[in-house]
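Trainee: Could you walk me through this one slowly? I'd like to start with the inside.

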Amino acid sequence: MLSIYDLLVFFFSVILDQFFREIKSRGSHKIPTEGPVIFVAAPHANQFVDPLVLMRNANRRISFLIAEKSMKRKYVGSMARASNAIPVARPQDLAKQGIGKICLNDRINEPLRITGIGTEFTKQLEVGSQIALPNDRGSSEVVSIISDTELVIKKEFKDLKALEMLTKPEGTPFKCLPHVDQSQVYDAVFKTLNAGNCIGIFPEGGSHDRTEILPLKAGVTIMALGAMAANPNLDVKIVPCGLNYFHAHSFRSRAVVEFGSPISIPNDLVEKYRKGGTEKREACGKLLDCIYTALRSVTVNTPDYETLMAIQAARRLYRPEHHKLELSDVIELNRRFVEGYMKFKDDSRVQEMNNKIMIYNQLLIYHGLRDHQVNRTGLGKGRAFALFVYRLLLLTVWVVIGSPGFIMNIPLIMITRVISAKKQKEALKASTVKIAGRDVLATWKLLVALVVTPILYGFYTFITLWLIYKYDLERLQFGWWTPIIVYLMFYLVSNFTMHLADSGFDVYRSLRPLFLSLLPWSQSSIQNLRAAREQLSHDLTNLINELGPRMYPNFGNSRIVKEFRDRSPSPSRPSSSLRLFPLSDWLDDKVFDWSRADDSDYDDVFFFLDQQNKNVVGKSRGSSGRNSSVTRSRANSTGSCDGYNSSNLAFTEVNKRPASVSSVPKVPKVQVNDFDEDPGYHGDKEIESKKSV
């Protein structure tokens with residue numbers, strides 16, 4: 001039966017199709033069609049857009065946990081309530097600035113005793129509340145308040161910078177976080193799961209733009225184990241979801257949602273949870289580690305931006321020229337390359353290859369080319385000139401045709417850019433986990449567009465109607481249908497312009513290699529670049545073929561990228577004179593593909609390059625994804641927590657699927673403590689301003 005939720009999903013699917021150029025789903029066949037399910041999604045890279053993408057692709061109705069603070073927002077709150085979201089009160093949203101300063105007088109003998117300077121602990125705090133240090137350097141629960149200037153905390157501060165703050169003679173500012181009773185949240189979650197419905201949660205706790213998954217919050221384990229402990233007949237499945245964006249903040253970018261194998265929770269963990277105390281913490285810790293491993297199997301995680309850049313370049317070099325890859329295959333290759341690189345990164349041959357790839361990337365920047373354009377500079381002057389003139393003329397015609405629609409949307413473009421940039425600065429200032437604050441851009445662009453677009457098109461409709469009736473243009477008058485027809489006309493013109501711009505930008509980007517092919521003084525450097533790419537691709541392939549069998553006995557069984565005898569096109573194709581060829585040959589996908597960009601366009605290689613000096617200013621987020629094809633399945637349709645194995649696919653990229661995580665670097669231990677007092681899911685956590693803490 002159609003519900004408000006279904007109408008919202010349809011509405012936002014239309015909106016997402018306008019914002020994103022392509023959204024693909026992978027592994028959706030693994031989602032249980034019935035029964036209680038908890039969707040755990042990461043990385044949380046696009047704030048409010050992430051839930052919309054999941055709702056669109058999950059094929060199940062999901063009740064997301066959302067910060068109570070967000071529920072109070074006019075539009076966001078209305079949509080959240082309509083989609084059956086569960087509000088979560090977060091301590092950080094209720095935090096107050098502490099009076100005075102705090103310090104640690106004896107960190108060796110009394111690490112739990114906090115001394116105040118001009119503080120009023122008895123008025124501002126109570127047992128069970130928390131004190132938080134600046135810059136998110138840690139927080140600890142108050143277990144005893146001795147006086148206005150002295151209290152005892154539950155856990156000592158171990159972070160070096162936190163200790164540095166606390167041991168200063170003048171002390172450090174702090175914030176008071178009240179204890180929040182999350183029993184109502186858990187009751188709502190348990191009720192939803194007992195009804196056989198689904199819960200959605202982002203266990204990282206907040207959106208970010210980093211290259212790897214943040215430490216997970218323990219609330220999700222309490223929800224799963226608590227529900228099963230309270231109802232022995234309940235079988236909760238946990239489905240890991242990889243949310244993967246390419247230029248997540250950009251209009252008309254691409255996205256992939258990957259669903260991993262459902263995690264079955266063993267009964268022994270449920271029994272340990274029931275016993276409480278240490279065994280409860282152990283059960284939660286083991287399940288959280290299991291979830292973390294599962295999320296890593298559907299995402300790409302690199303330690304830094306430079307590694308991600310090298311991995312993406314290596315994957316492009318390994319892919320045969322003219323061989324188009326599906327978006328999901330591009331992501332799978334990225335993941336396998338990362339895992340192989342992390343295993344063999346200390347090998348001198350891999351280090352040498354990495355250095356060569358970084359140099360090659362710099363050469364691409366110097367020439368203003370993308371990797372897939374390098375071999376297209378060898379078309380020959382005659383063919384290059386014909387293609388250049390044709391595409392330039394075509395682009396000119398398209399610009400003329402699309403200009404009215406572009407001009408009409410200039411106010412919308414300017415308003416969304418200004419407001420989203422302002423929100424980006426605010427989010428970056430208020431967070432210690434964000435790199436550039438780009439995780440909020442898409443959200444605010446969509447929110448602003450949802451408000452401004454109807455108003456702007458309504459204004460255009462009013463002006464058009466006024467002109468029609470002022471000059472008595474009877475042919476354009478259709479009674480009461482006139483305003484509807486006019487409004488739809490503006491929408492259709494805008495939509496046509498948008499799709500025309502997609503192709504137009506593809507054509508524009510294809511002009512650069514053709515232009516370089518026509519410059520006499522650039523022939524030598526371009527030819528050297530092509531030769532360098534061919535040699536680098538050959539050396540990389542040989543290295544992969546040599547190291548691959550050391551990781552997988554069945555290395556050659558199945559490849560995403562098949563082996564080719566000649567992996568690169570011959571640079572000696574006839575080009576000295578302009579030959580006659582049909583129009584279809586001009587548009588051949590070996591030269592240019594109008595319908596879809598090359599897989600190197602998917603990359604975030606220059607995501608954080610400073611546009612003024614091309615310096616790296618931050619780390620780009622890794623990404624991953626998978627379509628819903630049943631072939632090349634990662635594992636069984638249902639996996640147990642005890643035996644859930646992450647993808648073991650490596651530099652080799654050729655194996656269908658991994659068998660274990662033995663070859664993958666050890667996953668950092670996820671800290672799980674104090675589950676009895678765990679405040680639960682923290683929602684879309686935005687850490688308070690560094691200055692105000």
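Predicted model: local features only at pLDDT ≥ 70, side-chain atom pairs only at ≥ 80, totals over all residues.

Trainee: OK, which residues touch the most other members of the largest nonpolar core?

Mentor: Ile38, Leu65, Val189, Leu225, Ile238 and Ile291 do, in a core of 40 residues. Such a core is a set of buried Ala, Val, Leu, Ile, Met, Phe, Trp, Tyr and Cys residues joined through side-chain atoms within 4.5 Å, and buried means under 20% relative accessible area, with a 1.4 Å probe and protein chains only.

Trainee: And which helix gives the largest share of this core?

Mentor: That is H10, with nine residues; helices here are DSSP runs (H or I) of at least four residues, numbered from the N terminus.

Trainee: What does leucine 225 contact?

Mentor: Beyond its neighbours within four places in sequence, leucine 225 contacts Ile265, Leu269, Val270, Tyr273, Ala283, Cys284 and Leu287, where contact means heavy atoms within 4.5 Å.

Trainee: Switching topic, how many residues of H11 are buried?

Mentor: In H11, 13 of the 14 residues are buried.

Trainee: Where is threonine 302, and why does it count as buried?

Mentor: Threonine 302 sits in the loop between H10 and H11, and it counts as buried because its relative accessibility is 1%.

Note on methods:
Residues numbered from 1 in each chain as written. Heavy atoms only, no water. Buried < 20%, exposed > 50% of the residue type's maximum accessible area, 1.4 Å probe, protein only. Helix = DSSP H or I, 4+ residues; strand = E, 2+ residues; numbered from the N terminus.
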